[in-house]
Structure formats: C-alpha cells, structure tokens
Amino acid sequence: MPALVLLGAQWGDEGKGKATDLLGGSVDYVVRYQGGNNAGHTVVVGDQKYALHLLPSGILSPGCTPVIGNGVVVDPSVLLSELSGLNERGVDTSKLLISGNAHIITPYNVTVDKVTERFLGKRKIGTTGRGIGPTYADKINRVGIRVQDLYDESILHQKVEAALDVKNQVLTKLYNRRAITADQVVEELLGYAEQIKPYVADTVLILNQALEDDKVVLFEGGQGTLLDIDHGTYPFVTSSNPTAGGACTGAGVGPTKISRVIGILKAYTTRVGAGPFPTELFDEDGEALRRIGGERGVTTGRDRRCGWFDAVIARYATRVNGLTDFFLTKLDVLTGWEQIPVCVAYEIDGKRVEELPYSQTDFHHAKPVYETLPGWSEDISKAKSFSDLPKNAQNYVKALEEMSGAPISAIGVGPGRDETIEINSFL
Ligand code: GDP
Ligand code: IMO
Ligand code: MG
C-alpha cells in the first residue's frame, strides 16, 4: 500500500516537478490533487526542458499513469493545449485520467479573477490570473461546473445560467463589464467536451483499487504549505489545500493509506505575489539568489522574491503535513557564499519566538533571527553522494535537518534528473 505525498514545504516553486519526475520512473500513478494551471513545474530531462502547469509531472514517465483528481480545477483550453504541446514533442499522453468530479475553470471565472485583483488595487493578492480562486469559490457556493457536466447539455446550460445570474449583476453593475451569456459559455465548453471525453474516469475507484493491488501512487502537490488556504499566510494564499490532508480529499483516498509525506524544501526561500516573507532580501544577495537560482515564475514570468532559508517555516511544514522526509533542492545555488545566514527564530515585538505565530499581525511584525553558517566554494553539481559534498555543505544540510524536524532524504544539486544525491530511498 505505498502511497506517497510530495508537496511544497514553503511558498511554492521548491522543485516539486523535478522531484516528482525523479520518482515517476518507479511509481504507477502520479496524481494532482488540488490547484490548477496556476502551478508551474519545470522538469529537465537530458537537454529537454518541460514546463507543466496542469498536468501531473509523472506524464513524462512512460510507465506511469497521470491522474487529475477531483480536487483539481481544470481549464479545458489549457488542458488541451498542454496535451498537444507534449504530443508535438513526442510525449505519449494517452494514459491520462481526469476525474469527472473535478471542477471546470470557465471563462467567466478567469474574468472575475482579473477584475477582482484590479479592484483590490494595492491590496491585491498577486494571483496568477488563471481563475483559480473564483472557480473554487463557485465550488464552495455550489454553483460550480464539473467535468462530468460537459456530457449533459441541458444540465450544463442550467448550471451555467445559475452561476451567471449573480455574476453578471456583479460584472455589469460593480465592475462595469459586459454581461456574459450562458449560450456563449456553453458553446465554448461543449467545443472541448469530445476531446476530453477519452480521459474522463472514476479516478477515486481506480486509485483505491490500485492501492489495494499494491501499486505505487504518488500524490503531487501544487503550490506550497504557506500558500494553503487554511494553513498558509491567509489571505495571501491560493484557494486550495496543498498540505498533505488535501491529497486525501482531493483524490478520494483515506488518510490510513498514506505511508510517506515528502516535503520539498529549497535551500533558501522564494515567494511570488504579495504577502509577508520575513527573510526576504532587498540587497545584492537577494539579486544574486534570483540570478543564480533562475528565480523567475514559470507561469507568469514574474521575478520571484528571494531570501535566506527560514527554519521556522520548515518546522511548521513538518508539523502541519506530518512530514516523514525532506527533499532539499537547489543546494548548488548557494555555492560561492562565504557565510550563509539561516533564520532560526523570529523576533516579534522584542520577544524571541521559535514557532510560526498563528496571528497574522505577529507574523507581519516578525523579524528573522539569523545564525550564520560557513559556506563553500567548490562546484557541487557533480556530487553523487553525501560524502562528495564539501564539509561545509554537509554541515549546512545537517544543520537544516536538525532545525527542520524531519530527515533530509535527497538533495538537489542541479535541475537535471541525475543531479540529485539520494540519501534514503523514498520507495
Ligand atoms: P515547482 O513549482 O515546485 O515544480 O518548481 P519550479 O519548476 O517552479 O521551480 C524550480 C526551478 O528550480 C526549476 O527551474 C527547476 O528546473 C529548478 N531546480 C529544481 N531542483 C534544482 C536543483 O537542485 N538545483 C538547481 N540549480 N535547480 C533546480
Ligand atoms: P507551483 O506549483 C508559486 C501564488 C500566486 C499568488 C497566490 C494566489 O509552481 O509551486 P492563485 O492564482 O493561485 O489564486 O494565486 O499564490 N501561487 C504560486 N506561487 N508557485 C505556484 O505554484 C503558485 N501558484 C499560485 O503568485 O501569490
Ligand atoms: Mg513552480
């Protein structure tokens, strides 16, 4: 019954795509359980680079069945263009399964995302503008459109009309936009229906049967722990649950089935969009991390905000996800710094605080308390085992492990599949 969850331990972009792809060759199913095409997962295979948004990173491993679970929100036009993009590059995508209960990102959800952000002005979240929040809002408000609705035109029409009733009032009266007609939306959605149909399946049944048959299932999170709607830096979060519990609800698998939860942890910290970030750097070190780490958003092309490693956040991720392991990524990016500061606690209103404060006000006031670790200058990108790393790099990893509360079982020393040091096997 080997079911693993692989998720982001910080604010996203930790290297989940690479880690999933690495395990993809040994697992039977890779399942996305939340989020949508707000994600941007980069996978480098040999000299080929792939940017995946909605599709699970396992799609690049021929033996693996990729699954889009019920907890995901699906933009059909993005889905089809991502599939055809991969097909053109010779990737076989025919095994893909999509839950009939996954919700559809409609064109009006994308419009609402954009106008809401515009109206928030300087209080905006900095969303990816992909319609994610409004689609989850419709789901919770029980006016969402599901994948299965594409196959009953009359139901689809009724549901789109019901959703637009209120939305058109808001769009026209509040946001000064043109009303959207149900006919126009239904026509567009029906245009995708037949192309998507071969992939639609009862994914809950299939995944539970697979687990009973001792198949290996990997649940791949989008975003990260601190972007979680419940456990993240609300309201500067995404509208779903990337944390481990989300894998259960977003795929229809019970918590007793999950055997391992792996947190992907960058050796420093990045964030895209607005919201608090205690270790953020505004100096040349931040600029250097961005440049050396190639920290530019895969989905929106925005520069990522960069800062030093934050152990308070890592400990928090261990706790709320019940992490069994960490996969530490991008250690190579830190090569060349003589000293590397690591945030071990916060100072909030003059007091030292060891754990992430639950109060938003406190977190906004948190100042990092740094310990400085000695750096290394040797190239580590060819390291194959822990002992290949220079002593100071080994000590940096050991210190992070000690502070973060779970064993570091793998270390990324470059973007490629092979540029990984495996310490404990994940399977
Ligand atoms: P994801 O959203 O968590 O999948 O991460 P992204 O793909 O958005 O960003 C991570 C970036 O770091 C990608 O460009 C990866 O190719 C790259 N990457 C992943 N692991 C490593 C690593 O260990 N070293 C280096 N230098 N780059 C890495
Ligand atoms: P991956 O899977 C980093 C951020 C956005 C914004 C907030 C809400 O590549 O790690 P949304 O469009 O989801 O409503 O935006 O969440 N965000 C991400 N940041 N990586 C991601 O995905 C993200 N997906 C959303 O920048 O701050
Ligand atoms: Mg990303």
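Start at aspartate 349, which counts as exposed because its relative accessibility is 58%. Exposed means over 50% relative accessible area, buried means under 20%, and partly exposed lies in between (1.4 Å probe, protein chains only). The model is predicted: local features need pLDDT of at least 70, side-chain atom pairs count only at pLDDT 80 or more, and totals for chains, interfaces and linings use all residues. Residues are numbered from 1 along each chain as its sequence is written, chains are lettered from A and ligands numbered from 1 in the order in which they are written, and side-chain values use heavy atoms, with hydrogens and water left out.

Stay on aspartate 349. Its phi is positive, about 45°, although the residue is not a glycine. It sits in the loop between strand 16 (339-348) and strand 17 (351-353). Helices (H or I, at least four residues) and strands (E, at least two) are DSSP runs, numbered from the N terminus.

Next, select arginine 142. Here too phi is positive, near 65°, in a residue other than glycine. Look for arginine 142 in the loop between helix 4 (132-140) and helix 5. It is exposed, at 76% relative accessibility.

Now go to helix 5 (residues 153-174) and pick leucine 174. This residue is exposed, with a relative accessible area of 56%. Patch residues have over 30% relative accessible area and no salt bridge; like charges are joined within 9 Å, nonpolar side chains (Val, Leu, Ile, Met, Phe, Trp, Tyr) within 5 Å. A salt bridge is a side-chain nitrogen of Lys or Arg within 4 Å of a carboxyl oxygen of Asp or Glu.

For a charged patch, select Lys114, Arg118, Arg177 and Arg178. They gather in a patch of positive charge on the surface. Arginine 118 belongs to helix 3 (residues 107-120). It is exposed, at 57% relative accessible area.

Move on to tyrosine 234 and proline 235. A cis peptide bond joins them, with omega about 5°. Proline 235 lies in the loop between strand 10 (217-220) and helix 8 (244-251).

Finish at the magnesium ion (ligand 3). Which protein donors does it have? They are Asp13 (OD) and Gly40 (O), 2.0 to 2.1 Å away. Aspartate 13 is in the loop between strand 1 (3-8) and helix 1 (16-24), and glycine 40 in the loop between strand 2 (29-32) and strand 3 (41-45), so the pair ties together parts 27 residues apart in sequence. Donors are N, O and S atoms within 2.8 Å of the metal (3.2 Å for Na, K and Ca); water is not among the atoms, so sites may look incomplete. Glycine 40 is buried, at 13% relative accessibility.

Terms used: Areas by Shrake-Rupley, 256 points an atom, 1.4 Å probe, with all protein chains shown as cover. Lys, Arg positive; Asp, Glu negative; His and termini not counted. Charge placed at Lys NZ, Arg CZ, Asp CG, Glu CD.
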